[in-house]
Every structure is written in structure tokens, then in C-alpha cells.
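Dear colleague,

Please find below the structure that I am handing over to you, followed by an account of what was found in it.

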Amino acid sequence: MSSVRRHEPVIDQHDTWLVVNPVQGCPKGCTYCYLKDLGLTRAKPVVLATPAETLQQLLDSPYYHPVLVLALYTCTDALATPVTRAHLTGLLDVLGDSEVRNPVCLITKCAVPDDIVDCIARNRAKGLPILVYLSYSGLGPDIERGIDHEALRGNFPRLHAAGIPVIHYWRPALPENSTPDIIEHVMDWASRYAVCSVAVGTKVKPTAFDQMTTVWPALADPDLDPQAADSVWPRRTWEWLRDVPNRYHGHPIFQTNSCALAYVLGRADRAGVYNTPTCLAANRCPAGQRNRCRAAVPRQQPITYADIAERLARIGHESVSFTFNPGTRTVVLGEALPLRARHNLAQVLAVTVRSPDHPDERYWPGRLSGAQPLVID
């Protein structure tokens, strides 16, 4: 773990959602965690903004837009400590009482106590769309250190009974959880209660190569380039997803978070996934959702050069040159921009963005930036 603790921005843009991180630092010690090189694992959570301050920073952020999904507390687990749980209830109540009606995602591996269930339910009743991602992949305490896996499993029926939508977050895919018996132990339970599953391979960000090769030594093979991949998969998991047993055919399984969110929220694809190889061959998407996306394509709001220039100026890149193909809704930037800027442009305008890679980028580029999965034995 890094000896130097570094905090992320309280409001930031990732490849699927706008992240809201007023509390950072997690007492858990999952070996694959992307916070590890920041010194934020096995760390006391630190409050960087009160719930009211967080709302104001969100609304003031140049990245904010009503169409975006918000992911809360991605630099901690909000259910891990009394301090984080109290902050969570405060923030949900502040959001519920505000004009914000962006969909809100809460991602956790920890037990969800009754007061949190009640808080989610009352703010959903106010009209704030709140979804819970339960991160459950069949890994043991040697890898997910400090996690009570029985309590994690117990969240599924409790949230389901409370009418709170659950997305099963099946990640990361590692050799340890790639056998069919482990996969099906997880899926037999999750598919009973979750609206859908999101299957995500292992992410290897540029600053965490040594960390991830310790977790999965095969990634150190000089013939592989896991950092250039969208994600890395054990072949057994990849093949299981290709030939999903019949008993799961009624349970949607996505490899793209944007598609899972579109399905759960009753929206069409805005991320340029529809009718791509990912859509057609990787995602196990219900026919009704595919029909929704198919019908929405001809009705997409046209995008103009002025729209793109205005958004670039809003996020601080007004001088960047670009070309635009309206037919494919593809923006090609003339210079390297940070991923957060590219992702925000793509999500707000529902366009595909291409640009040179930024030399100081700390995060993985993502499939929607052109990276592809890497499958290894």
C-alpha cells in the first residue's frame, strides 16, 4: 500500500457516471482495490465535505448535468463505519430534499443495516432514483480482506423485500473465482434477487501494475499488455459467459455498466453500445431492452458542432479543435484530454469520443474509448 495518502476530487467524472466522494479512505483491505496505490485502503475514512457542502459542490461542478448517473462514495465503502453510514444518510436526505433527480448508485460489499434501508426507501419515495450495487463475486477473505461475505449475501433478499432495485456487481474476474462451481454458487443466489448482473473483468490501471501482478501473476507475462485492455478475464469465466447455462437465461447479464443502468432505469442506450459487438455478443440483454434501444436510435437528439464546442468550453477545454461525424455521432479531438473530460463529453451528449491518450492518465481507458477485453489462460 502507498505510504502517501492522496485524495481524489470530491466531484469527478468516470467512464460510466459522475462520482461523488465527500468521504475517502476505506478500512477494508481488498488486494485488487483501485484505491490501494492512493493510500486509501486500510485507512480511516476522512470527511472532505459535509452533505450540504457536497450538494453545493455537485451543482457547481462543470461536469454536472441532469442526465448523468451519480455514483456515491467510490473512494470508500459507505457502509463500512458509523461515520460513513451517518454521512450517507445525511447526503441521501439532502439529495432527496433538493432539485437533484439524477439516478443515484450506491456500491457496497458491507452489510446494509435497517436504518440505511429505511433512508433509501424514504428518499426513493421523494422521487430520488436510488439503486444499490452489491459487489459479490465469490472471492474469499484472503483477497477481500475484512468483508463479511455472509452479511453481503444477506443484503440481496433484504433489499429485494424492501423494493429497492439491486444490481449484482460481479467483479473482479480472477483465477480464484473463475471455476463454474464458484460462478454458479454466486449466480444462483444473486439471480434470485437482483434485477440484473454486471460482469466486469480485472482492471489494471497504469499506476497499479505491480499491485495487480501480485494478485494475478500471469499478468506479468511480457507478451501481454493488460494495461491497454479494457479488462482482463480468465478464459474459464469468459467461456462461461459465452455459454451461460439455461437456468440463467431469464437473468440479464451485462458487461457494460451503462447498459445495465439503462435497463434498470427504463432508458435506451446513450453510450454507443447498441448494435456493436459488445451489444450483440457480450451482453445478455432482454429482447425488450434491445427493442427500446432500436426504437430510440432514429429519435436521438441531433448534435451540432456548437453543442460540442459549448460542452468543451463548460469543462474548461474551449480551445481544443475537433471534427465531428453526425452519422456515427463520433467526435475526434485534436489533442489529448484527460479521460474525465472525454467521458463527460461522451455521456452528456451521447456521442463517441476519440482522442490521443493523455500521457499522465492514471485510469484505464475503458471499452468505450476503444480498448478491448483481454482473455488469458
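Val198 has Phe254, in β11, as its bridge partner. The strand that pairs with β11 is β9 (residues 196-199), and the two run in the parallel sense over 2 bridges. Two strands are taken as paired if DSSP finds at least two bridges between them. Strands (E, at least two residues) and helices (H or I, at least four) are DSSP runs, numbered from the N terminus.

This is a predicted model, in which local features need pLDDT of at least 70 and side-chain atom pairs count only at pLDDT 80 or more, while totals for chains, interfaces and linings use all residues. Residues are numbered from 1 along each chain as its sequence is written, and side-chain values use heavy atoms, with hydrogens and water left out.

**The sheet**

The open sheet has 8 strands in the order β1-β2-β5-β6-β7-β8-β9-β11, with mixed pairing. β1 (11-13) and β11 (253-254) stand at its edges; each has a single partner strand, so one side of each is left without a neighbour in the sheet. Helix α2 (residues 82-96) packs on the sheet and touches β2 (18-20), β5 (70-72), β6 (104-108) and β7 (130-135). The direction of α2 makes about 155° with that of β5; axes are lines fitted to C-alpha atoms, for helices over the stretch in contact, and angles run from 0 to 180 degrees between N-to-C directions.

Strands β5 and β6 run parallel and are joined by 3 bridges, with Ala71 having Cys105 in β6 as its bridge partner. Is β6 buried or exposed? In β6, 5 of the 5 residues are buried, so this strand is largely enclosed by the rest of the structure. Buried means under 20% relative accessible area, exposed over 50%, and partly exposed in between (1.4 Å probe, protein chains only). In a regular strand the side chains alternate between the two faces of the sheet. In β6, Val104, Leu106 and Thr108 point one way, and Cys105 and Ile107 the other way.

Thr74 lies in the loop between β5 and α2. Its relative accessible area is 14%, which means that Thr74 is buried. Apart from neighbours within four places in sequence, Thr74 is in contact (heavy atoms within 4.5 Å) with His14, Val19, Val20, Asn21, Tyr34 and Leu35.

Strands β12 (residues 322-325) and β13 (residues 330-333) pair in the antiparallel sense over 4 bridges. They form a hairpin with 4 residues between them, and Arg329 in the turn has a positive phi of about 55°. Within this pair, Thr323 stands opposite Val332 in β13. Val332 also stands opposite Arg354 in β14, and β13 and β14 run parallel, joined by 3 bridges.

**Cavities and a pocket**

Rolling a probe the size of a water molecule over the atoms shows where empty space is left. On a 1 Å grid over the protein atoms alone, a cavity is a set of points where a 1.4 Å probe fits but cannot get out; a pocket is an open set with protein on both sides within 12 Å along at least five of seven lines, and lining residues have an atom within 4 Å of a point. Grid points are joined across faces, edges and corners, and a volume is the space filled by probe spheres set on the points.

There are 2 cavities of 30 Å³ or more. The largest cavity holds about 410 Å³. It is lined by 22 residues, of which Thr16, Ser258, Arg270, Ala271 and Gln347 are the closest to its centre. The elements giving two or more residues to this lining are α8 (257-265), α12 (339-349) and β14.

The second largest cavity has a volume of about 100 Å³. Among the residues that line it are Phe254, Val273, Tyr274 and Cys293. Helix α10 supplies the largest share of this lining, 3 residues.

Of its 36 lining residues, Gly272, Val273, Tyr274, Asn275 and Thr276 are the closest to the centre. Helix α9 gives the most to the lining of this pocket, with 4 residues.

Yours sincerely
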